[in-house]
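Here is a short briefing to read alongside the model. Please have your viewer ready.

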Amino acid sequence: MATTASDPFASRAKSILSELESKGEMKHLQTIEGPMDATVRLKMPDGSIKEAVCLCSNNYLGLANHPEVVEAGIKGLEKYGAGTASVRFICGTFDCHHQIEDRIAKLLDQEASYTFVSCWNATEALLPTLAEPGDAIVSDALNHACIIDSIRLAGVIKKGVRKYIYPNNDMGAFEDKLKAAREEASDDSVIWVITDGVFSMEGSIAELKTMRELCDKYGALLIVDDSHGTGVMGETGRGTHEHYGMAGSEIDLFTGTLGKALGGGAGGYIAGPKHAIDLIVQRGRPTLFSNALPATVACSADKAIEILMREPERVAKLKENCRYAREKIKAIGLEVIESPTAICPVIVGETSKAISMSARLLEMGVYVIGFGYPVVPEGEARLRCQISAAHEKSHIDQLVDALAKL
Ligand SMILES: Cc1ncc(COP(=O)(O)O)c(C=O)c1O
């Protein structure tokens, strides 16, 4: 084994890590023993178990440990075994894949959908497959990292794909970029507009109605990654478009995750017109070279979507919890970004401050993570509180009491 002195990578890695540690910016992975729910059992470094209210998971509908969802996963495991042992186009397409893909398409009012092992994978398949040289991609500056990387990859794989970035939710700048993209595009090239439905660090939402109008004006296609919106936004949890009173069919393509409101297991999808999904199946590199969504997850997530569609009262409870949490946080004098989403970020400033505050909250039995640079801009570190339908008001009171004590 080489010594650190003669191993430039080891010395570089160790120097980065010790700098993070000395600045108080090191992330320490917290271990959970037991299921994800309103409260979780945390395994502390000394081996003890601490029960804490969980306000940092994406388990928005409380379905991650729902008995029917768990049972569907177990039945899937019994019926299909541990996995497909194949990519989809070889021998990895099982009937449970068709079942969940039909259900996703129905949920989002689209012709078809296709699943992946994560939304990251789905997004990586999307733009590098569908965009061609001469096309333009117009993207919000605060879009999720998977969108940013998908755009970069499209630019590498399909040389000549142009990108246009506008400041978060600035519709004037958005129109300027769209106009420029249209003027610079040839008649047969495509303009792709892509946005998060819910911006994951802000908890704010994209102005989808205005974006649809402008996309129509300039002949662009609108893609929405509604990973934090599906199951959460709109009266029946269809997503951010439903919040605006829009039908799913008014969005050209969706991407989303199965790892948040829809059971919380893992997996992602693209939903859209059949020709787009067919092209992804034929040409997407993650589709052709990476394994299928495990059958167990396909079954549990399928059940989670079925429950979402039959129990809109879960969405209503989540909404009431979100309203209550914002009202209470504001009442103790803290600033929380106003929005109808389940993400309530409390901005605290420096990364080290957010991390130390999160540790003190945990001592008080409240599990909230501090997010700092590079996940959010320098100086805008925050405690991201995430609300769930699994919470009772007493859980939210516990959060607010602990924040007040801080
Ligand atoms: C907006 C958005 N898109 C995509 C993802 C990635 O989802 P997955 O965990 O399924 O890869 C996330 C997860 O944080 C997200 O917030």
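The notes below cover the domains, the ligand shell and the packing of some helices.

This is a predicted model, in which local features need pLDDT of at least 70, side-chain atom pairs count only at pLDDT 80 or more, and totals for chains, interfaces and linings use all residues. Residues are numbered from 1 along each chain as its sequence is written.

**Two domains**

- The domain assignment, which is automatic or taken from a database, gives domain 1 as 20–54 + 312–405 and domain 2 as 67–310.
- Between the C-alpha centres of domain 1 and domain 2 there are 27 Å.
- Their contact draws 17 residues from domain 1 and 16 residues from domain 2, where two residues are in contact if their C-beta atoms, placed from the backbone, lie within 7 Å.
- On the side of domain 1 that touches domain 2, helix H13 (312–331) and strand E11 (343–349) each supply at least two residues; helices (H or I, at least four residues) and strands (E, at least two) are DSSP runs, numbered from the N terminus.
- H13 gives the largest share of that side, with four residues.
- By class, the side of domain 1 that touches domain 2 holds 13 nonpolar, two polar and two charged residues. Here Ala, Val, Leu, Ile, Met, Phe, Trp, Tyr, Cys and Pro count as nonpolar, Asp, Glu, Lys and Arg as charged, and the others, Gly among them, as polar.

**Around the ligand**

- There are 13 residues around the ligand, and Ser118, Cys119, Trp120, His144 and Thr257 come nearest; a residue is near a molecule if its C-beta atom, placed from the backbone, lies within 6 Å of it.
- The shell around the ligand has eight polar, three nonpolar and two charged residues.

**H5 against H6**

- Helix H5 (residues 119–130) packs on helix H6 (residues 145–157) at an angle of about 35 degrees, with the axes 8 Å apart. Axes are lines fitted to C-alpha atoms, for helices over the stretch in contact, and angles run from 0 to 180 degrees between N-to-C directions.
- Cys119, Trp120 and Thr123 are among the H5 residues that meet H6, whose partners include Cys146, Ile147 and Asp149.
- The contact of H5 with H6 has 11 nonpolar, two polar and two charged residues.

**H5 against H10**

- The axes of H5 and helix H10 (residues 274–283) come within 10 Å and cross at roughly 100 degrees. That makes H5 roughly perpendicular to H10, a term for angles of 65 to 115 degrees.
- Ala125, Thr129 and Leu130 in H5 meet Ala276, Leu279, Ile280 and Arg283 in H10.
- This contact of H5 with H10 divides into five nonpolar, one polar and one charged residue.

Methods: Parallel < 35°, antiparallel > 145°, perpendicular 65-115°, else oblique.
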